[in-house]
Structure formats: C-alpha cells, structure tokens
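Let's take a look at how a protein is put together, from one chain up to a pair. Have the picture open while you read.

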Number of protein chains: 4
Amino acid sequence: MSKVNLMDDYSEGCHPRILEILAETNLIQQEGYGEDAYSREARQFIRERINCSDADIFFVSGGTQANLIVIAASLRPHESVIAVDSGHINVHEAGAIEATGHRINGVPGSDGKMQVTDIESVLDGHGDVPHMVKPKMVYISNSTEIGTCYLKHELEELSAFCRDRGLFLFMDGARLGSALCADGNDLSLADVAELTDVFYIGGTKNGALLGEAIVITNNSIKEDFPFHLKQHGALTAKGRLLGIQFVALFRDDLFFELAAHANKMAGILAGAIKAKDYPFLVETPSNQIFPIFPDTRIKQLAEKYAFHIWQRVDDTHSAIRLVTSWATEQHVVDQFILDLDSFQ
Amino acid sequence: MSKVNLMDDYSEGCHPRILEILAETNLIQQEGYGEDAYSREARQFIRERINCSDADIFFVSGGTQANLIVIAASLRPHESVIAVDSGHINVHEAGAIEATGHRINGVPGSDGKMQVTDIESVLDGHGDVPHMVKPKMVYISNSTEIGTCYLKHELEELSAFCRDRGLFLFMDGARLGSALCADGNDLSLADVAELTDVFYIGGTKNGALLGEAIVITNNSIKEDFPFHLKQHGALTAKGRLLGIQFVALFRDDLFFELAAHANKMAGILAGAIKAKDYPFLVETPSNQIFPIFPDTRIKQLAEKYAFHIWQRVDDTHSAIRLVTSWATEQHVVDQFILDLDSFQ
Amino acid sequence: MSKVNLMDDYSEGCHPRILEILAETNLIQQEGYGEDAYSREARQFIRERINCSDADIFFVSGGTQANLIVIAASLRPHESVIAVDSGHINVHEAGAIEATGHRINGVPGSDGKMQVTDIESVLDGHGDVPHMVKPKMVYISNSTEIGTCYLKHELEELSAFCRDRGLFLFMDGARLGSALCADGNDLSLADVAELTDVFYIGGTKNGALLGEAIVITNNSIKEDFPFHLKQHGALTAKGRLLGIQFVALFRDDLFFELAAHANKMAGILAGAIKAKDYPFLVETPSNQIFPIFPDTRIKQLAEKYAFHIWQRVDDTHSAIRLVTSWATEQHVVDQFILDLDSFQ
Amino acid sequence: MSKVNLMDDYSEGCHPRILEILAETNLIQQEGYGEDAYSREARQFIRERINCSDADIFFVSGGTQANLIVIAASLRPHESVIAVDSGHINVHEAGAIEATGHRINGVPGSDGKMQVTDIESVLDGHGDVPHMVKPKMVYISNSTEIGTCYLKHELEELSAFCRDRGLFLFMDGARLGSALCADGNDLSLADVAELTDVFYIGGTKNGALLGEAIVITNNSIKEDFPFHLKQHGALTAKGRLLGIQFVALFRDDLFFELAAHANKMAGILAGAIKAKDYPFLVETPSNQIFPIFPDTRIKQLAEKYAFHIWQRVDDTHSAIRLVTSWATEQHVVDQFILDLDSFQ
C-alpha cells in the first residue's frame, strides 16, 4: 500500500499490547474450542462491563460470521430479519443471510438508523399469513454503516417496541467501540446489553487481529448456540487467540482508548474540513466521515490518500468516506488538512 | 490445563517465528480481504511448491470452514459428496455440510482411507435417477482421522477413477504436513495438487495460530470462489494475519520441519509402546497413534496426561489416542515412556 | 362461500372437459413420475405451440413450487434474482426463494413490469465483488401481479439486455393465458419461448385443478432438472393427473378460450365501471382490474361480493381488486354492474 | 404401459367415487389454500377417526413434500433425524431432507423397522457436543419400504423411548392404509396418533389422485406450520382437490376397504408363490411382497409383467418386488399364478 490509508480501520495488524500477550502466553497449553483460560477470563471481563453475570459470550473471527450465525440460530425457517437498506447484511455480505434460508426485509431508515416506524410498516405489510414471511428480528448497526450512532432514547424506543411485538433486537457492533466513544454518546455497554437480545463487540476494527465477541442475553437465543458456531465453521480450534485479544482489550480500558483515539482523529479531520466550508453527506460523531468535495479535488487527494468514493452528489461533486482507526497517527491527519489547503 | 497434553495438536499458540513476523510487519498498512502483500507472497511460495502457477489459493481460518465452503462451492443442490464413515465432515462438523444443502454418502473405507471400491459401490447404488442424489465429489483426509496416510499409488488410483467418472477429488489436509512427512510417504505437495481437484494445507494443527490454505487446481471450482468465501464469513478483513503465517511456514521448510518433529515424537512414543508389546488399533506413521492399554493402565496415565479414550476394544481394554505436535518436547515423550514402565 | 366470488380465479374446480378425460382414462395403467403417455402427449402439444422441438417441459402442482425450483436449479449459491417489488416471489411466497439460499434484488418496476433500467441499476450497484451477491436471473410475471401485460417490444428489450449481460430471463406465467389473450397483446406463446430462458404456463388459474407447465429452452437450465423437481417434492407419482389436464388445455384451443372468456368478463366489468367515471389504480387488459371506489361503496359491495381491498388511495377511497375467471358467468358481471348503479 | 402392472400402487387414476364427488362439487365456489368446506370436513372425519379433536391436519400433494416439510418445520438447524438405512428419506428423495439443511443419521434397523437399540446407538455416539449434530427426531415408515409393519407393542416401545429422550417420533404413512389393514396388525389410526408426534396418511398410494394428510398432535410442531407449507410450495390454491379426496376416503370406510383389497391381492399372490416353495426375502403382511425366483424365471415373468427386480440374492437368484393396489383385479393375480405354473 503506497498511499496513506484513510480507507478503512483494518489496514494494520493489532495493538502492540496484544502481540505482547500472545508472545507471553504462547507456549502455555490450553484447551481448544473456546474452553481456554483466556477466553474464560475475557468473558468475565465483559460480563462485568455489561453488568450481566449470566450473559453467554462467544468469540468468532469476523463480522459476517457473527451476523449469519446469530441470525441462523435465532430464526425458524419462515422468519425474517428487518434491516435498513444500507445495513451490512443487506448489502455487503454476498447473500450470507439468505444462504442460511432467511429473508431480509429492507426498510429505508433515517441516516442509516432504524426507526420504529420502519419496523411498524413491515409488520403492517405482513398480515397475509401464511403467504408471507414472519418478521421476527430487527438488525441494527452501531455505529451504522454511514457512521451515525444511536442515542439512548432511540435504542430504548426500538427496544420497547421490539419487546412489545415479540421481535428480537440484534445489534451489529463491528464498530461499537467507536459508537460508545462518540461525542454525544449516552449509551454504555451495559445499556446495550440490557436493551438488546443479542449484540456483538467488534475487535477487528478496533485494534484486534481479528475477533468479535457475541453477547447473548436472551435465553431463547442462548439455547444450543455452540452447535451453530460449529456448524458454520466458527468454533476456532485455538480459541485462545480470540480470548487473549479480548483479555487485552477489556482487562483495562484499552478497547475504549483505541476507539476514542480513532474518533478524535476523525473529529479533527471533520472539524478542519468543515472549517473550510465543505459540506458533509451526513453528520457523524464516529470514526467514519463523509465530506463532499469537487471531483477535481478528490482526484488530487486520491493521488496521495486511499479512501472510498462513496456517492455522487451532483455533476461535479461526490462524497468520500474517510476512516480513521486506533492506529491513525495525528501527523497523517494534519498532513491531510495541509494538503487540502495546498490544493485550494 | 494442569495435565501434560497429548490430546491434540492445537494446545499451544504458534511457532515463535510467526509471532516475530507478525510483530515486524504489524504497523505496515495493507489492503484487506486477502489482497495484502503477505498473502500474495504466500500464494507464490505455495504455487512454487506445488509446481502449478495457475492454482487459485485462498486462506481461511479453520478446517470446518474450508470443508463447507469447498463443498458448497463445488456442488449443485442435488449433488452429494462421498466420505468414509469416520471422515471429519461425516462425524465432527455438526452437520456443516448438510447445512449447505448437501448429502454425504458414507462408506466404510479401510483403515480410515477411501477405496475405489467404496466409490464404485455408491455410484452403482445411485442409478435410480432422479430419485436419488447424484454423487459428484469424493472427500478424503490425509492424514486421516485415525492417523493413516495415502501412498502415491493409492491416491493415483482414486484420482484416475474420479476423473474417469466425472467426480471431483477433494483432500482435507488439516494434517497434511504430518502425512507428507510420515515414514514411508512417497507423496509430494505437487503430487497432491496434480492428483486432486482441490485440497487444503492445514496450518492450525501444524504451528500456525489459525489458518488453512485452500488450493484449487480445477477451473470449474475456481469460478467465483471468493463469493463463497464471503458468503460463509471466511473473507477475513485482516487477511494479512493468514498470509503472514503461510509466508512463515513456506518461505523455507518450516512447515515440513514442524510436521517432521511431530511425527518423530509420535514415532518414539509408538516405538517404545510397541517394544513393551502393547498392541495398536491401527498402524499409523503420522502424529496420531492409537495404542491399546488395559483400562487400569489408562486410568493411571490419565491422572498425569490429557488424551482421548478413543474406542473400547474389549471388556478390559481400550484404545487411546495420543497426539504429538510441533511443540511437543522430547522430555514429555520420554517421561511418558518412563511412567508407562513405572506403572507396570 | 356465501358471497359471489370476484376474489380470485381459483375458486371453482376445473373445466368439465378435464373431468371427462380424467374419467375416461382413469383405469388405464401408466408409468409414474411424468413418464405417462398423457404427459408425453401434452409436452408434444406445447412444443408444437411454441415451435421448439427440443424444449424440456415439466409439470408441477403449483406456482410457488415452479418458482422456487426453477430458481434453485438455475442459480449457484452466490447468485441472486432480480424481481420487481410487487413480484410474487418477493411478497407472497413466505420466503420460498430465500429458503433455497438465494437473495432477491427488489426493484421498483413500472406498473408492475420490469424495466431495463431496473436491471441496469442493480448491476451497477453490485460491482463490489465478492462482497455482494452476483445478479444472474431476472424474474418477471406475465400478466403481472397487478394485471398489466408485457408487449412484444418490451419483452424483446428485456431479453436482449439479459442475453447481453449473461442473465437468465424467467417468466412466471401463472396467469400467462390471460396475458396472451389480452386486448392489445402482440406476444405469442412461441415468442415467450424464444425470448426467455425458462417460463411456465399456468393451469391452476386457467381452468385446471392444479398444474403449471415449466418450459425450459436454455440448455444450461435443462441439465439435471428432474433432480431438482424430486428434491423439492414436485415429482408427482401420478404425473398423469397433470399431463391429462394439459392435454385437455392444449389439444385444441381450450387454454386460450378459457383465458379469453375471463378477460372478456373483466373487460365488461371495467368498461361499465369506467363509464360511471370511477378511476382505476392502473389500466389492465387482463382478468384482474383495480377500480377505485369510495369506501362507503366498497362496504356496500362487500356485503354481496367477495374481493380484495387492494390499497388505500386517500382518506375516503380505496382500490379493490376484481378477478374474473374461465368460470365467471356473464350474469354475475351484469348483476355487479346493476348493483353498482343501485348503490348510487 | 403394455405390460400388466405389479410395479407399484400408483399406476391408475383414482377410485371412481372420488371422480364422482369432484364432478358433483366442481362448480361450487370455495375459498382457496385449504380453507374450503371439503378440507374442513375431511379434517373433521380424520379427527374423529383418531379420537383427537385438537390435532392439526394439512393436506399436501405427495410424500416427499410431506417428509421434507414436517422435518424442516420440526428441527432447528443443528438437529438431525434418525432413519433406517432403507428409509425413503435416506434413499429415494434426491437429498430433499439435506436440502432443508438437516443431516439424516442412518441406522441398520431390522427388516426395515427401527429398533430402540438403533436410536440408542445414535444417541450414545453423539455425545461430543457441540461438534456433532443433535439427534431430535425419529423417522419411521409404516408399512416400511420393504412391506413390513409395526405391531402395537413395537410402536409403543419406540414412542416411550422417544418421549423419554426428548425425540419427536414421525411416521411416514405413504402406505399406512395397507399397514393398518395387514393380517396381524393390532394398531388403529388412533393408536398411531397417540403414539407419534406427527404422521401422515397416504392417499396417493391408496386410491387418491394425489394427496397425503399430515396429522400433527405435538403442539410444538403445530406452531406456524402453514408457513412451512407455503414456503415449500405445498399450499395448494385449489385445496378443495385434496380435501374432497379425503372426504371420499374417510366419510365411510373407503380408505380401509381399498387398502384391505390391495393386501388381499398380495396375500393371494404370496400364498400361491409360497405354496410352490419359493422363498421370500422378508415376510410381509402388506401390499408389497418380495419373492425370490431364479433369474430365468424372472426373465420369463418380465415379458408379461412389470415389476422391480429388488435385490440379487445369489448368482442365479434375485428377489423381485410385486405390488398390488386398490385397483388390482383378482384375475391379474390368478393369471400371474397360472403363468408361474406354466413356466415351471
């Protein structure tokens, strides 16, 4: 990669502390398949954080795997999952959910976030039983695919509605760290655990080599869950690799420190871009920002920086996505801002 | 794990050289999803080893994942895969293959190995089309689930038969290193590539933290393969983690050195046990051995060593499985032999 | 059913001629599973009609079955099917397509019909391979779920586009008879066969007890198709029941006569309603019409007639769906019109 | 079919009484999808017969459909179904069960019948959770695929064992009529309902054009069952066709009369063959018999009669399958016996 990366939050390896612990523990023999001491310890740290001693916690290697297994384990064959049109499962998982037999009911959402009215419209439109699928789960991402975040009252409303209507609420937390450390965030990890039925904590995009921690609080989803892990190839022989990383992230506040750093870098970028009067596709408090630039400017930037061109806005402007991470150094951000000036 | 482990070959972390390279490369930015420089380099090393420049190579996190993706990508819905009754996909994968919609035709095999006559009997018994599945793939493991290995002429016979009958031949190589370094082995990695349509090289059980390298030589299986990886959650964001490990294993002969060490430790164990006139369930040249002991002896051993009790043999005897690995130290083996003596 | 039925086209048994032939042939022994003389004869009649001697033809019991089997047999696991949002597979099949593992890409369409631009937008939006499904088939219905029909030039455009882009074109013909006999239709059954890769001819909604004839002209979809029938429970033991009905429908022009009658009845209804200045949700030349009435009028009508309230139009008006069939008698239509007057 | 059919029990159309009722009711309008008056009436007749007023009953078009829907609706993804090796789902359904994602655990059985010890051995062999599937249902056929039948005490033992171990017991009753009318049978339809969780009553092979009545007594299988019917294309638009046939079969004793006739014809055949000292592959009291003849004799018979050659017995002998039905006339049976003599 010759360009400076603002493309994603998984271009480096992992936080050095993780490598240290991997090295320290390397030759200590452990049981396989998640029964190792580190996985047990990591579960304990997370249970304490969410203030829920009986949550079931499983570590898997990636987000698509987490999504497909949670959904396949939760739904019966005729049940569907509701997601916003821009939801990761709806766009970027090569049909992973459908491959487990389930329909996704797409809804527009608002700024990437699910609204109670979205869910309601799906339920209202699915009255012709048994000719239609039965919506049974609501999938949300926090932060969302376009960097927005749920406020506590928003999640409370979704949660209350779902419980009232017998729907599971599932939060994809591939970027949950960034969401929980966002400016203005009023959600805690314990709130997330309390308000959802199942969610996961993303390690891959927040400093781990790989790994997501699935947290299940709803008893009916807990039942026989390990079988589903195994059936989809997610029961890692050396589960220690995943456990150790979550020990490193949750033994102290590393998980939150890394996310806060990523957000801070994004915030500096966004502030400077805004100060130059560039508009944004959407306001985001997390580590993904979506400024709108003239295409000529984008072309200049692209010679030095790697990023996604997200969406054409008009004939001469597009929104780009800039992503920062735990590993983004301040000088990169500063240089980007300088470069933006020099291009003027 | 308080006992000395002879239970499996995935109780430690990874060979130290892997940790070194992970640390060296940690902050170098790379593209995601297997497009990183290390994965490209590892593919090149393997292509050279198998003497096949146009093989497609993909790295995934585990064996069940490799098995289910290869099979799902190769077969149409009505096609089945033939495996010996003791085959991993037939026993220990929680229905992973069936979950992708495919039937496994179980056959007895001989000492864990597929015979041409096994395949023939399935084909002969599936003439009542379209009321029966259409067998289309043969799945074998090398080494097998009970530690035996294919000789070159055996693999040639299977390969010729499969090609004649239009069947794909797929080798599960979770323990391929051990097979290729076994006493008496006359197969090379290049032979395996030439005689099969698709196979994989197991890293997890031979010194890696996790990772299997799927090698596809048959063009019809290559087509669109990455979609299947993604659909099953196997397209790792930080593919570098897998690539780096296979660089470490294949840049020089580390992969073979580690397997040879494991085999050597098993050979010493087996020789000493044989010298004490204990019988074996099956003769195995690889890193899994299956001695038969009196149950009283097994009870004594189990106080100090961790291993699987594999199979009851008669009222007072059972076969146990002892597994050695790249990390098994000679003093462990020596001590086991001494302990066996002291128990006499 | 105490009310007069304008709800659907499957409320009666079958055309009496079918019962006659069933009785005549009842005790003649025939081979099972579609190998009977009647099925062979029916296939021959249809092949002549479509002017395609090498089409593969299979009879199945219903439309959902036809849809799910054709799609499952045509697509590989990562491939998707494009359908308009109102398409039957997208709404009213309880997730049947997803249950075979495939994603449906919904598009808005226009008056229930697929546009080339709809397909194009899906292809354009699916460039991020392999993270997204691969669109491979286009599903259309003729007549559509809202009674509209494709003109020849429309089908030609879709067909040319699909062939250019390597997409299968599949026509759901549950109401194909009505479409081909609609006022203004310029498509023949032979045109449909030539312009699509696979389609089916609906018997259930056009005078049969049950039965759809799947016609496959694309060789790659023909391959091993009977296995897919069997796997989904659609290989009827007494295939004669289906064959006999299609003999009755296609030996002479009964299939078209029945559809023309249904259309005629709908046309009289529509003409009279239009003459009273009621608007319509959409102009339809087939056996489904969608007049808009004040809710008070609908309430009056609903006391005597059975029909679907299709869609709320404004605070005081809704569109209803009136469906006529081969069995709708003219006096029913006349009475409905009289009643509509009397309610004024 | 130029030969006299002793090949199967579905070579004719249906019992004439069914055609009569179809004709009588043909133009009476009815609701679709199983909500018609005839289906309701048929359900009532069956509920009375089984002495279970709250059984859920659904009519589907064939046996494979019944099997795959019952199993898919009952099991979660990681659960499996136990069946004897010769079971229909295990051999002759083109992978229909696996296509819904479920593994079948094959067991040897005895004379085609499941033994408690068969089930026990599967449970004993599946302790390594979560690496193996979880057996959850036992599938049996009555009469079996080789014509044998369950006695009441045998079914009671299976039932008690299954309930004790939390397994569903599912009876495939494609030939249930023949079983219940077999010489020596001591099971009633009510016994079957009481001792199983779900079963079906085969119409197709006992005088109907097509149709099987699925009877569900276990509440957990009842839940949302119609969705599964729809999802697999088994919710017939003109459900009246199925309902009417079961009215005809169960309004009085027609169902049992037809089965008794088939058995009687088979009994005469078997008695005469036995009297000529030909051995049998297995003793069967139902409408399928398996005499063993010299291959020369089989060749002679095959010129005039259609039947399956079932199994080679030795170098010069094979077992053939002769099947009688409700429609087999006595003169056919008599002639077969005469011919057998004349060939001597």
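## Before we start

This is a predicted model, so local features need pLDDT of at least 70, side-chain atom pairs count only at pLDDT 80 or more, and totals for chains, interfaces and linings use all residues. Residues are numbered from 1 along each chain as its sequence is written, chains are lettered from A and ligands numbered from 1 in the order in which they are written, and side-chain values use heavy atoms, with hydrogens and water left out.

## Chain A as a whole

Chain A has 15 helices and 13 strands.

A compact globule of 344 residues would have a radius of gyration near 20 Å, and chain A agrees, with 20 Å. That radius is taken over C-alpha atoms, and the globule rule is 2.2 Å times the number of residues to the power 0.38.

## Two domains in one chain

Chain A splits into domain 1 (4–8 + 255–343) and domain 2 (16–254), with bounds from an automatic or database domain assignment. Their centres, taken over C-alpha atoms, are 27 Å apart. In the contact (heavy atoms within 4.5 Å), domain 1 of chain A puts in 18 residues and domain 2 of chain A puts in 26.

Together these domains bury about 1,900 Å², 62% of it on carbon and sulfur atoms. Buried area is the accessible area (1.4 Å probe) that two parts lose on being put together, summed over both. On the side of domain 1 of chain A, Phe255(A), Phe256(A) and Pro285(A) lose the most area, together 39% of what that side buries.

## Where the chains meet

Now for chain B: 48 of its residues are in contact with 48 residues of chain A. The two chains bury about 3,900 Å² between them, with 57% of it on carbon and sulfur atoms.

What about salt bridges (a side-chain nitrogen of Lys or Arg within 4 Å of a carboxyl oxygen of Asp or Glu)? The rule finds 0 across the interface of chain B and chain A, and the count between domain 1 of chain A and domain 2 of chain A is 0 too.

Conventions. Helices (H or I, at least four residues) and strands (E, at least two) are DSSP runs, numbered from the N terminus.
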